[in-house]
Amino acid sequence: MLFRSTITEKMDGTNACIIIEANERGELEIVGCQSRSRLITPQDDNYGFAGWVERNKEELLKLGEGYHYGEWVGNGIQKNPHNLDRKYFYLFNTGRWNAETKPACCEVVKILYEGPLGDIDIEALMNELYHSYSNDFFGDRIGEPEGIIIYYHDTRSYAKLTYK
């Protein structure tokens, strides 16, 4: 049996989540945001994520009710291997979000492969990702990818493979 999987690039940033619920009138509202381990606010923030959520709340309500997980990446967060000049929120759920359906202020993690896991050479995929990162004028690497995430659709579970 070949398990259906989606493989995405593991972004080098900080884990983040936006929590949206319907209030007693049935209107959607952002009731919280969190890092991997704690609720955060603009006053007690994690690399400016809660402040960004506050500034973009109208657009973010298009995510709908639920917990919306992603990676907060960019300038000043971790190693910033994509050499981003500002911060971005990359949604993890590629089955729900794509370039056409996501809120304008969000991105979606890049899908590297989708299909039966037995049909892909993971080592070759990781090599291709690693070598896809560009060099600067002097031939030095601008950044290095962190790794990949494999999502197993049948078990709704994840595996992470990193270069380190």
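**Reading the sheet, the cores and single residues**

A: Strand β2 (residues 14-22) pairs with strand β5 (residues 66-74) in the antiparallel sense, over seven bridges. Within this pair, Ile19 stands opposite Tyr67 in β5. Before going on: this is a predicted model, in which local features need pLDDT of at least 70 and side-chain atom pairs count only at pLDDT 80 or more, while totals for chains, interfaces and linings use all residues. Residues are numbered from 1 along each chain as its sequence is written, and side-chain values use heavy atoms, with hydrogens and water left out.

Q: What counts as a strand, and when do two of them pair?

A: Strands (E, at least two residues) and helices (H or I, at least four) are DSSP runs, numbered from the N terminus. Two strands pair if DSSP finds at least two bridges between them. Here, six strands form an open sheet with mixed pairing, in the order β4-β3-β2-β5-β6-β7.

Q: Which strands stand at the edges of the sheet?

A: They are β4 (39-40) and β7 (106-108); each has a single partner strand, so one side of each is left without a neighbour in the sheet.

Q: How do I read a nonpolar core?

A: In soluble globular proteins, nonpolar side chains tend to be buried together. A nonpolar core is a set of buried Ala, Val, Leu, Ile, Met, Phe, Trp, Tyr and Cys residues joined through side-chain atoms within 4.5 Å. Buried means under 20% relative accessible area, exposed over 50%, and partly exposed in between (1.4 Å probe, protein chains only). The largest core has 20 residues, of which Ile18, Phe49, Trp52, Leu60 and Phe89 touch the most other members. The elements giving two or more residues to this core are β2, α1, β6 (87-91) and β7. With four residues, α1 gives the most. Apart from this core lies another, of eight residues, including Leu125, Tyr133, Ile148 and Ile150.

Q: Is Asn46 buried or exposed?

A: Asn46 counts as buried, because its relative accessibility is 13%. Asn46 lies in the loop between β4 and α1 (49-55). Contact means heavy atoms within 4.5 Å. Leaving aside neighbours within four places in sequence, Asn46 is in contact with Thr14, Asn15, Ser35, Arg38, Ile40 and Trp72.

Q: Where is Lys164 found, and what does Lys164 touch?

A: Lys164 is in the segment after β10 (157-162) and is exposed, with a relative accessible area of 75%. Not counting residues up to four places away in sequence, Lys164 touches Lys79 and Glu144. Lys164 and Asp154 are 10 residues apart along the chain, and their C-alpha atoms are separated by 28 Å.
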